[in-house]
Number of protein chains: 2
Amino acid sequence: MVAIKVNEDLQKERGKGNFNLEELTNLLDGGAEKTEQRRELVEFFVKDPDFKDKIPVEYLSYTDRYREAVRKSCLMFYKIKDYQEKKKSGSSVELYQALLGGMLGSAVIKDGTPFALHYVMFLPTLMGQGTVEQQAYWIGKAWNCQILGTYAQTELGHGTYIRGLETTSHYDPDNEEFILHSPTLTSYKWWPGGLGHSANYAIVLAQLHTKGECHGIHAFIVQLRDEETHMPLPGIKIGEIGCKLGMNGVNQGYLGFDKVRVPRQNMLMKNAKVLKDGTYVKSPSDKLTYGTMIFVRVAVVRGIAATYLSKAVTIATRYSCVRRQSEIRPGEGEPIIIEYRTQQYKLFPWIAASIAMNIASTWIWDMYNSVTSELEQGDLDRLPELHAISCVLKALCTSDAARGIEECRKATGGHGYMTCSAFPAAYGMTTAAETYEGENTVLYLQTSRYLMKAWHNVQNGQSMSPTVKYLERHSERKLPWTNDLPSLVSAYYQTATGLIRDVTEKVDKRVAKGHIPEDVWNYYSNMLVLAAEAHGRAFLVQRFCDILSNKEISPSLRNVLGALCELYAVYWLLKNLGHFLVHSNIRVPDVESIMDWQDSLLQEIRPNAVSLVDAFDIADEILDSPLGAWDGNVYERLFNEAQRSPLNSMPVDESFEKYLKPFLRSNL
Amino acid sequence: MVAIKVNEDLQKERGKGNFNLEELTNLLDGGAEKTEQRRELVEFFVKDPDFKDKIPVEYLSYTDRYREAVRKSCLMFYKIKDYQEKKKSGSSVELYQALLGGMLGSAVIKDGTPFALHYVMFLPTLMGQGTVEQQAYWIGKAWNCQILGTYAQTELGHGTYIRGLETTSHYDPDNEEFILHSPTLTSYKWWPGGLGHSANYAIVLAQLHTKGECHGIHAFIVQLRDEETHMPLPGIKIGEIGCKLGMNGVNQGYLGFDKVRVPRQNMLMKNAKVLKDGTYVKSPSDKLTYGTMIFVRVAVVRGIAATYLSKAVTIATRYSCVRRQSEIRPGEGEPIIIEYRTQQYKLFPWIAASIAMNIASTWIWDMYNSVTSELEQGDLDRLPELHAISCVLKALCTSDAARGIEECRKATGGHGYMTCSAFPAAYGMTTAAETYEGENTVLYLQTSRYLMKAWHNVQNGQSMSPTVKYLERHSERKLPWTNDLPSLVSAYYQTATGLIRDVTEKVDKRVAKGHIPEDVWNYYSNMLVLAAEAHGRAFLVQRFCDILSNKEISPSLRNVLGALCELYAVYWLLKNLGHFLVHSNIRVPDVESIMDWQDSLLQEIRPNAVSLVDAFDIADEILDSPLGAWDGNVYERLFNEAQRSPLNSMPVDESFEKYLKPFLRSNL
């Protein structure tokens with residue numbers, strides 16, 4: 001093996017870091033043991049040459065891209081079995097999550113997989129909403145992949161608003177069957193992953209009708225295709241929805257029903273039930289089905305937002321230590337572009353944001369697990385709080401990440417525009433998450449609803465849940481402002497409090513005047529979104545801040561993280577400066593020193609930039625970008641990557657004889 | 001022909017408009033005659049069935065996409081000839097511009113064309129920098145497309161900083177030839193459109209060496225490929241650079257030279273010259289070559305930024321009047337989503353921005369033309385001002401447009417994520433323009449440099465150029481603030497003045513303390529960017545405002561434009577509220593009423609929303625989006641579009657037998 005020569009500039013940067021990289025890696029992974037497990041998975045899955053593309057998928061036709069996604073998905077699941085046998089361990093949810101949602105998945109199956117919803121939605125819904133009998137029957141088949149499922153909720157004309165779904169399921173007590181039907185074109189299921197040509201079963205959400213009454217949306221297991229021939233079953237109209245901005249390996253599909261019958265047992269009946277005679281038995285709580293939705297939102301924060309942002313910022317930071325451009329001091333030659341303060345400003349806040357999202361996602365994952373076990377005891381108390389914080393975090397983190405990825409891409413100039421840079425796919429995956437699993441604006445408004453209630457509760461002296469407890473004490477502003485982290489945290493709380501208070505009072509005042517509450521809500525909805533954003537941002541700042549008081553962290557790492565935490569808070573403060581001037585104890589004369597603080601933080605973080613992204617510990621095979629490889633051989637790698645374009649296999653393309661030559665000879 | 005049924009909700013919206021659409025269309029086109037000419041072109045080119053894709057290009061392999069781009073590009077130029085014969089008019093630059101840069105080009109050749117640089121850079125450079133003899137020889141061949149050219153400046157390792165280019169051109173007086181050479185991998189030309197497999201000639205920028213001295217970058221005409229066989233000539237190493245985020249029909253290429261000789265006459269010598277014996281004769285002014293660069297930047301504001309943004313907002317606005325979702329008032333059913341205030345906030349500022357960009361681009365186009373004719377008289381006075389304003393406008397408009405297109409896309413939910421929605425290609429084309437022809441941050445800093453000088457000039461009592469004249473009078477703030485347009489304009493000027501003054505003073509102070517000026521410049525560069533942005537935004541607001549005093553505009557249109565102008569100014573004020581609170585006469589207690597003003601403007605514009613985008617007058621063939629078609633038959637069109645996916649031609653894809661069936665049978 002030939003020793004790889006590392007770019008000298010990049011190597012020099014690696015000498016500048018002043019903290020223990022492994023310590024940060026372990027912190028981000030959740031412990032040294034988790035780091036080791038992750039590395040083992042990377043070694044086993046990602047470095048397998050079977051997953052390497054001979055021709056990068058972007059050069060293939062759409063149909064061939066799909067076939068390649070199916071091939072690789074099968075391969076991945078065979079390998080999962082090998083891995084389990086090797087490790088002598090059973091299937092674990094974490095393993096599938098790691099492979100489908102996070103770093104590993106993004107490396108192995110870059111453009112998504114048609115199998116994802118089988119694990120992310122089909123199986124969890126069976127587990128969460130099926131009776132014991134249903135679980136016994138279906139989960140075994142699904143777990144061993146004898147059947148491949150998807151989850152069909154969204155319709156061509158209906159998304160976020162679940163009550164608006166049109167697909168019907170009428171109970172026929174004579175045959176003890178449900179009849180699924182698509183009454184309109186807009187009622188066609190549209191978007192489910194794997195639905196196009198891959199899955200043969202689906203969990204279908206439909207309006208349940210029995211005994212002449214509609215009981216709203218319920219879930220039904222429906223077979224879509226013959227298990228032997230894969231032909232669509234009678235009454236099933238099915239296909240894929242076409243090319244998208246990203247995720248073109250996912251095989252999203254459409255599905256229409258022409259009076260398709262399924263046995264009564266195919267309704268998931270853990271909560272609500274339909275008895276043989278058609279009697280409807282209500283669910284003890286309509287909140288019980290929230291679980292899966294919250295689970296997916298929590299998973300998105302880590303598996304999509306934090307993952308792709310950390311990839312993007314790793315690529316852009318390393319590239320910025322190799323790329324040279326222009327001059328700072330005349331006659332001193334072209335510096336590496338990370339020396340430019342504008343470049344630091346484009347990158348370092350996203351290094352900080354990657355870490356902030358990682359920390360917050362760990363926190364909310366813990367909360368999710370404890371609330372879920374409380375739920376199983378019948379305790380629903382903390383569900384609204386979990387719902388509120390998961391909504392705003394999903395919205396804020398996915399939109400930050402999408403924006404951050406694009407800023408990182410643009411910070412790498414033209415080369416970032418190349419598909420091989422890995423930015424376009426990262427953006428495609430991340431911006432999709434701004435829409436799916438609750439469109440972000442809708443999610444902000446869900447959180448606002450909770451915050452308005454919380455503000456009313458404060459006024460009534462009620463005891464507050466932890467994530468909104470700050471509303472009790474941050475209405476007043478203590479002058480003067482000082483440039484330190486506790487003041488930043490307090491300013492975030494003051495600003496969130498002010499925005500929540502103001503909009504609540506505006507809404508209340510208008511309603512008191514006799515306006516229809518829903519109209520008032522709509523009228524002020526842009527302010528409500530601002531209030532929710534401020535709440536979410538304060539949450540992220542607080543969680544980041546909390547980590548600094550963890551006594552197990554070494555002083556050197558604490559210093560680095562402290563600077564990043566301050567940068568995170570100062571950056572977003574200055575981006576939203578107006579609201580802080582209106583609502584916090586920051587005054588106009590303080591602004592200059594806060595702007596200077598930001599500049600000095602960029603300077604402070606500068607020597608650790610490469611070490612920080614190195615500590616994210618993302619293998620080259622996962623980054624999969626000539627711009628971001630560990631060795632910094634950017635130009636050689638870009639050139640070699642271009643040679644993989646099939647157009648470059650011949651010096652003259654056949655289009656010359658066919659079109660171009662006659663054209664040039666035509667003497668136009 | 002079957003009468004098309006128009007969606008009823010959309011039809012109803014069309015009844016709500018209260019201005020004459022044709023009047024606005026004419027205003028945006030620059031007069032009724034121009035509207036007519038444009039429509040004639042659309043009729044002739046865009047509605048030609050030869051340009052319709054049987055299979056949308058996104059389903060093709062990369063190689064086939066290129067071939068299709070070549071086929072269509074040839075077709076387009078044959079049609080241009082037909083058109084000229086029909087109209088009995090000669091070639092006109094405007095015609096090529098319309099077809100290559102604007103609406104028409106985006107419709108006919110969606111993913112860009114390998115011929116674009118031939119017209120946009122190769123021909124203009126010959127015209128601008130060639131001697132009369134050179135023009136006589138080359139322009140005829142190029143104009144009739146006997147040769148196909150490109151413009152090779154950017155290198156693998158060098159972009160914006162032209163002085164850093166590495167390609168050399170050594171003069172050999174014995175043979176009266178230049179020897180072009182690529183001394184390193186990073187010196188390979190990289191990115192020029194059409195260079196990969198299409199062009200057979202290029203204008204190459206290289207470091208000129210003669211008589212042992214380097215004279216910097218000069219332009220040389222180089223033949224790349226044999227005219228008969230299209231084989232690369234000896235010493236020419238050429239290929240394409242690979243797949244990108246967008247523009248995959250452009251065939252961007254790379255190019256290396258192994259001591260390639262061209263005759264002395266191939267150096268473009270209108271300005272600088274090399275005599276037979278190798279004597280170098282300097283150009284009378286180094287500013288003379290600025291022309292083409294400024295031309296392209298000005299063209300980008302209209303042809304890319306305004307064009308794609310207006311397409312995006314048309315699609316999103318119409319879709320928002322068809323799509324129904326959720327409830328505002330309980331029990332009243334799902335309203336069209338444009339009823340949501342959050343949706344109005346996502347769309348209407350971009351309707352206003354499209355118009356603002358259109359107005360500003362007309363203004364700067366006029367300035368460009370008059371400065372160019374002054375240049376020909378040897379008068380360079382206004383060149384720095386034109387340069388400064390074209391830099392910031394290009395940066396601001398491309399970044400606004402890219403952001404606006406993405407906001408419009410996300411405002412259409414999941415369906416906007418489909419390739420057929422037309423948003424992804426619009427974003428790809430627009431975000432590319434954030435980087436090419438001067439990376440945006442670099443451009444902002446060019447403008448800042450001019451602004452700092454301007455501030456010094458104000459202090460010295462010198463007379464000011466029109467676009468910075470406001471610096472003379474907007475340092476003081478007159479209280480109290482009132483909610484009206486003149487106050488807005490003034491607040492923009494105050495804020496720009498404050499930011500320019502503050503950063504200039506900071507820089508001066510540090511330099512006075514003995515710091516190296518270039519280091520200080522770098523230290524404060526993020527503030528310098530803010531100052532340039534504020535200057536550009538004030539310019540856009542002022543130009544929009546000016547149009548309202550045009551006496552030929554009817555009162556009803558003036559009302560509509562007035563509301564849009566106010567919304568534009570209020571929206572960006574609130575987005576940058578902090579700076580306004582620091583630098584303008586707006587005080588914290590004024591903020592509430594400005595936020596309310598924004599809400600009431602959204603409400604005021606609401607009834608005209610569809611009429612406004614209808615008045616943009618973009619034909620369905622140009623929009624090319626099921627979501628935005630004039631008839632609003634969104635769902636039928638989306639469904640039909642999905643049927644065009646080749647994967648949907650068979651109920652079961654061959655990957656089932658090959659991969660999926662064995663997998664499902666493997667009992668994993």
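Q: Is B:E228 buried, partly exposed or exposed?
A: This is a predicted model. B:E228 has a relative accessibility of 44%, so the residue counts as partly exposed, since buried means under 20% and exposed over 50%.

Q: Which side chain does B:E228 meet in a salt bridge?
A: A:K661, with 3.2 Å from N to O. The pair crosses between chains: A:K661 is in helix α23 (residues 655–665) of chain A, and B:E228 is in the loop between β6 (213–223) and β7 (236–240) of chain B.

Q: And A:K661, buried or exposed?
A: A:K661 is buried, at 18% relative accessible area.

Q: How many salt bridges are there over all chains?
A: The count is 86.

Q: What does A:D53 pair with?
A: A:D53 forms a salt bridge with A:K72, and the closest N and O atoms are 2.9 Å apart. A:D53 sits in the loop between α3 (32–46) and α4 (62–87) of chain A while A:K72 is in helix α4, so the bridge ties together parts 19 residues apart in sequence. Both A:D53 and A:K72 are buried.

Q: What about A:R261, what is its salt-bridge partner?
A: A:D172, at 2.9 Å from N to O. A:R261 belongs to strand β9 (residues 260–263) of chain A and A:D172 to strand β2 (residues 168–172) of chain A, so this pair links parts 89 residues apart in sequence.

Q: How accessible are those two, A:R261 and A:D172?
A: A:R261 is partly exposed at 41% relative accessible area, whereas A:D172 is buried at 11%.

Q: Which residues are joined into one network by salt bridges that share partners?
A: A:E22, A:D29, A:R38, A:R39 and A:D617.

Q: Switching to chain B. How many of the five residues of strand β2 are buried?
A: Four of the five residues of β2 (residues 168–172) of chain B are buried, so the strand is largely enclosed by the rest of the structure.

Q: How does β2(B) run relative to β3 of chain B, parallel or antiparallel?
A: Antiparallel, with five bridges joining β2(B) to β3 (residues 177–181). Within that pairing, B:H170 stands opposite B:I179. The hairpin of β2(B) and β3(B) has four residues between the strands, and B:E176 there takes a positive phi near 50°.

Q: And β5 of chain B, parallel or antiparallel to β2(B)?
A: Parallel, through three bridges to β5 (residues 201–210) of chain B. B:S169 has B:L208 as its bridge partner in β5(B).

Conventions. Residues numbered from 1 in each chain as written. Chains lettered and ligands numbered in written order. Predicted model: local features only at pLDDT ≥ 70, side-chain atom pairs only at ≥ 80, totals over all residues. Heavy atoms only, no water. Salt bridge = Lys/Arg side-chain N within 4 Å of Asp/Glu carboxyl O. Helix = DSSP H or I, 4+ residues; strand = E, 2+ residues; numbered from the N terminus. Buried < 20%, exposed > 50% of the residue type's maximum accessible area, 1.4 Å probe, protein only. Pairing = 2+ DSSP bridges.
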